[in-house]
Amino acid sequence: MSSPPRKRVAVFCGSKSGAKTVYSDHVATLGNLLGENNIDIVYGGSYKGLMGVLANHALIKGSKVTGIIPEVLINREHQHEGLTELIITSDMHQRKKTMYEMGDAGIVLPGGFGTLDEFFEMLTWNQLSIHNKKIFILNSGGFYSRLIEHLEFLEKEEFLHDQVWNRLEQHDNPVSLVNSLCKSFGN
């Protein structure tokens with residue numbers, strides 16, 4: 001009897017570590033938990049910042065980790081040399097598209113403009129029914145609290161086609177997030 005194919009998540013996060021240790025601590029725990037639950041990762045491909053923390057911990061725990069990096073960022077983000085696979089794309093748009101297509105769900109961790117761009121594009125594609133993949137936000141140390149308030153404000157002001165929480169889940173810790181992710185995958 002063959003085992004079902006492994007699930008894979010697209011994870012969006014910063015190539016910097018941020019100001020608070022809770023960001024790196026949560027990302028390390030998330031990487032460990034994904035590996036322990038046989039969930040593979042597709043992410044931005046860097047060894048720096050939260051990206052590197054995620055990849056290193058997931059690899060140690062047995063996840064297959066695929067990095068997607070555009071040519072323009074190879075030197076800037078310093079691609080991770082120890083990944084299961086590294087895919088080089090022609091540009092940022094192709095990077096995001098490849099990540100969305102490869103992941104069965106999306107996880108948004110603390111990060112900067114690039115992380116927000118990836119989050120909003122995935123959310124928009126979800127709203128437009130280009131895909132229907134669940135999106136999980138890890139609100140480490142309240143990092144996304146203001147953004148979450150604004151997303152709820154968009155709904156209140158009737159700029160959304162349906163309720164914001166139909167497409168998203170937010171969790172304050174990686175254990176809760178991975179438990180919910182596993183449940184959504186039927187694990």
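Strand β5, helix α5 and strand β6 make a right-handed β-α-β unit. Right-handed here means that, with the strands pointing away from the viewer, the path from the first strand over the helix to the second runs clockwise. The helices (H or I, at least four residues) and strands (E, at least two) are DSSP runs, numbered from the N terminus. This is a predicted model, in which local features need pLDDT of at least 70 and side-chain atom pairs count only at pLDDT 80 or more, while totals for chains, interfaces and linings use all residues. Residues are numbered from 1 along each chain as its sequence is written, and side-chain values use heavy atoms, with hydrogens and water left out.

**The sheet**

- Let's begin with the strands: seven of them form an open sheet with parallel pairing, in the order β4-β3-β2-β1-β5-β6-β7.
- The edges belong to β4 (85-89) and β7 (168-171), each with a single partner strand, so one side of each is left without a neighbour in the sheet.
- Direction ignored, neighbouring strands of this sheet are turned by 25° against each other on average.
- Strands of a sheet pair through backbone hydrogen bonds, either parallel or antiparallel.
- Two strands count as paired if DSSP finds at least two bridges between them.
- β3 and β4 pair in the parallel sense over five bridges, and the bridge partner of threonine 66 in β4 is glutamate 85.

**Strand β5 and its neighbours**

- Strand β1 (residues 7-12) pairs with β5 in the parallel sense over four bridges, while β5 and β6 pair in the parallel sense over three bridges.
- Buried means under 20% relative accessible area, exposed means over 50%, and partly exposed is in between (1.4 Å probe, protein chains only).

- Touching, or contact, means heavy atoms within 4.5 Å.
- The axes behind these angles are lines fitted to C-alpha atoms, for helices over the stretch in contact, and the angles run from 0 to 180 degrees between N-to-C directions.

**Two buried residues**

- Find histidine 131 in the loop between α5 (113-127) and β6 (135-138); histidine 131 counts as buried because its relative accessibility is 11%.
- The side chain of histidine 131 reaches the backbone oxygen of methionine 122 at 3.1 Å and the backbone nitrogen of lysine 133 at 3.0 Å.
- A polar contact is a pair of N or O atoms within 3.5 Å; within protein, one must be able to donate a hydrogen and the other to accept it, and residues adjacent in sequence count only if both atoms are side-chain atoms.
- Not counting residues up to four places away in sequence, histidine 131 touches Met122, Trp125 and Asn126.
- Leucine 151 lies in helix α6 (residues 145-156) and counts as buried, at 3% relative accessibility.
- Leaving out residues up to four places away in sequence, leucine 151 touches Phe119, Phe120, Leu160, Val164 and Leu168.
- Leucine 151 and glutamine 163 are twelve residues apart in sequence, and their C-alpha atoms are 9.7 Å apart in space.

**Salt bridges**

- A salt bridge is a side-chain nitrogen of Lys or Arg within 4 Å of a carboxyl oxygen of Asp or Glu, and by this rule the count comes to eight salt bridges.
- Glutamate 36 forms a salt bridge with lysine 61, with the closest N and O atoms 3.3 Å apart.
- Glutamate 36 lies in helix α1 (residues 21-36) and lysine 61 in the loop between α2 (49-60) and β3 (65-70), so the pair ties together parts that are 25 residues apart in sequence.
- Glutamate 36 counts as partly exposed at 46% relative accessibility, and lysine 61 counts as partly exposed at 37%.
- Glutamate 101 forms a salt bridge with lysine 97, the closest N and O atoms being 2.6 Å apart; both residues lie in helix α4 (residues 92-102), four residues apart, about one turn of the helix.
- Lys96, Asp117 and Glu121 are linked in a network of salt bridges.
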